[in-house]
Each structure stands twice: as C-alpha cells, then as structure tokens.
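Subject: Structure handover

Hello,

Here is the structure I promised to pass on. Please open it alongside this note; my findings follow below.

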Amino acid sequence: LTTLLPPTAGTAIVAGYDVVREGPKVRAAIGAALQEAALDPLLTGIDHMRLQTALHGIPRAERTRRGEELLARVGLSEASGRKVRTYSGGMKRRLDLALALVHHPRILFLDEPTTGLDPQSRTALWEEVARLAREERVTVFLTTQYLEEADVLADRVAIIDHGRIVAEGTPAALKAEIARPTLEVVPADHEDAPATARLLERFGEPTQGAPGAVAVQLAGGDAELASVVRALDAEGLAVANLQLHAPSLDDVFLAKTGRKLEGAADEDAAPEEREPVPA
C-alpha cells in the first residue's frame, strides 16, 4: 500500500491512485512511519526536518517554520539541536512521526508505532495520532500487536490471521459479537477450585482466566453476578477475589483465531513452516 513492495496479486487503490501504475502520486499523498525508524544518529532533530522538507520540495521560506511546528507538536523542541543518537526510543518514534507529516499527507501509515515504548511515550503518541484524525482529518492506517491500542484509536479494526482478514468492523461491533462478559473468581482455598469451576459452569461457558482463577463467560450477562455470589455463598465457597470483565478486543482475537499468542497453534511446525500472526 505504500509502494515499497509490488503486490504479488490483485490491485490496490490508495488516495484514488493505483499503487502499481501511479506510485509517485500515491507517495505524494501518504506519509509513513515504519516499525524501524530510518534516522541518522549523527544528525540532529532539526537537521532531519530540514532534509525531509527539502526532499519533499517544500519552499525554502517554509522549511524552518514547518520543521519547528512539527517538532513542537511531538514535544521535541528542546531536543531539536541534539544528535539523534542521544534520543530515547520514544523520542525517535516521535521524530519519525513528525518526518512523516512534513508534506501534509492525506493518509498516514504507521507500522507498530508504539512497540517497546514506555507508557508515557505511548500515551503521547496516541494523543497525537488521535488529534491528527480528529482535527486534521488524516486517515490513519495503523498496524499494531496491542489490541488496547486498536480499541483506543481505531474507528474500524481488521484482525489478520495467517494472511487473511478473519474479522472486520468497529471495535464496538466486534466486541458485541462476543457479547458476554467474563467473570473471574479466585477461590480463597486453591483446593476449592474444582468445586468453584463446577458451580460457575451453571452460569455460562468456561474460559481461560488469570493464573489461579476460575473464569466463565456469563450466559445471562452481568445481571447474573448477584446469582453467582449467592450460589457461592450457599455452597460455602470462600472467594479471595472476584472480577467482572467486559468483552475486549483480546476476547475477539481469541474467539476469531483460537489463540492469544503468536504461533501458539503451530508449536509443532518446523520454523520454516510457521506463519506470523499479526493482530
């Protein structure tokens, strides 16, 4: 879609242009920040902005203003004169995002932009991506392994398993397909776990829970919670912890692919036979 690789089959239209026949027009309409930031460690942040604006043919009189504006937006004004080799991972990701925006792209491609970032850097990048979509009407095409990130940022989500889209829709619609909330119960005495599991099966379908917990998807929704508590009390089963979880995109992913961990279903396959499972 970014024209970096030719398609093996089929066609794709980006910003109204064919990615094979009209590659230059596609590249003029898009920005891209890939998983590995292509930055020169010996250049400063402002050096990168000057180079990028020149490569995009932005008039000389506008280059400094545009570079300073974007560096300020991603919180790098004070570090703009430092060489990139002194930047943290989060700073590099934010600089890469700024570079992708110098020519006012209509569509922005982000490839796992927050992988490996600390929570503060991740939140800052989330806020800027959300602002671009909300205020500047930029279409953001985001790939991510963090389903929480997709839930927060995306208007539409597609889950890809072994190269095929297995689910697509708004986060709310996808979660509504799962519908039922999950109840996790941690028995006060771990020896009561089998009895607790048998009791919970009366209220829904068993599912995977946290270590030490017994979990069930409530057939009757969260309205069943009071009945579960009364049943546990009637059976004399003491509880150390009880949590009700609303459906999440993690639940959708598990339901659609049958697993949570990448490659979990292919553990017996030879390395060359395994396929990646992007989320």
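Start with a charge over a ring. The charged end of Arg-122 sits over the ring of Tyr-146, 4.2 Å from the ring centre. The criterion is NZ of Lys or CZ of Arg within 6 Å of the ring centre and within 35 degrees of the ring normal.

Two notes on the basis. This is a predicted model, in which local features need pLDDT of at least 70 and side-chain atom pairs count only at pLDDT 80 or more, while totals for chains, interfaces and linings use all residues. Residues are numbered from 1 along each chain as its sequence is written, and side-chain values use heavy atoms, with hydrogens and water left out.

Next, the aromatic rings. The structure holds one aromatic pair. The centres of the Phe-109 and Phe-141 rings are 5.2 Å apart and their planes stand at 40°, so the pair is tilted. For this term, rings of Phe, Tyr and Trp (its six-membered ring) pair if their centres lie within 6.5 Å; planes under 30 degrees apart are stacked, over 60 edge-to-face, and the rest tilted. Phe-109 belongs to strand β4 and Phe-141 to strand β5, so the pair ties together parts 32 residues apart in sequence. Helices (H or I, at least four residues) and strands (E, at least two) are DSSP runs, numbered from the N terminus. Phe-109 is buried at 9% relative accessible area. Phe-141 is partly exposed at 41%. Buried means under 20% relative accessible area, exposed over 50%, and partly exposed in between (1.4 Å probe, protein chains only).

Now the sheet around those strands. Three strands form an open sheet in the order β3-β4-β5, with parallel pairing. Strands pair if DSSP finds at least two bridges between them. β3 (30-33) and β5 (139-143) are the edge strands, each with a single partner, so one side of each has no neighbour in the sheet. Neighbouring strands are turned by 15° against each other on average, direction ignored. Four bridges join β3 to β4 (residues 107-111). Ile-30 stands opposite Ile-107 in β4. Helix α4 (residues 89-100) packs on the sheet and touches β3 and β4; its direction makes about 165° with that of β3. Axes are lines fitted to C-alpha atoms, for helices over the stretch in contact, and angles run from 0 to 180 degrees between N-to-C directions. Contact means heavy atoms within 4.5 Å.

Which residues touch the most other members of the largest nonpolar core? They are Met-49, Leu-76, Tyr-87, Leu-95 and Leu-108, out of 27 residues. A nonpolar core is a set of buried Ala, Val, Leu, Ile, Met, Phe, Trp, Tyr and Cys residues joined through side-chain atoms within 4.5 Å. α4 gives the most to this core, with six residues. Beyond four places in sequence, Leu-76 contacts Leu-71, Tyr-87, Met-91, Arg-94 and Leu-95. A second, separate core has 12 residues, including Leu-183 and Leu-200.

Two other sites to look at. Thr-182 is in strand β8 (residues 182-187). Thr-182 is buried, at 10% relative accessible area. Its contacts beyond four places in sequence include Thr-207, Ala-215 and His-245. Ala-167 lies in strand β7 (residues 164-169). At 7% relative accessibility, Ala-167 is buried too.

Best wishes
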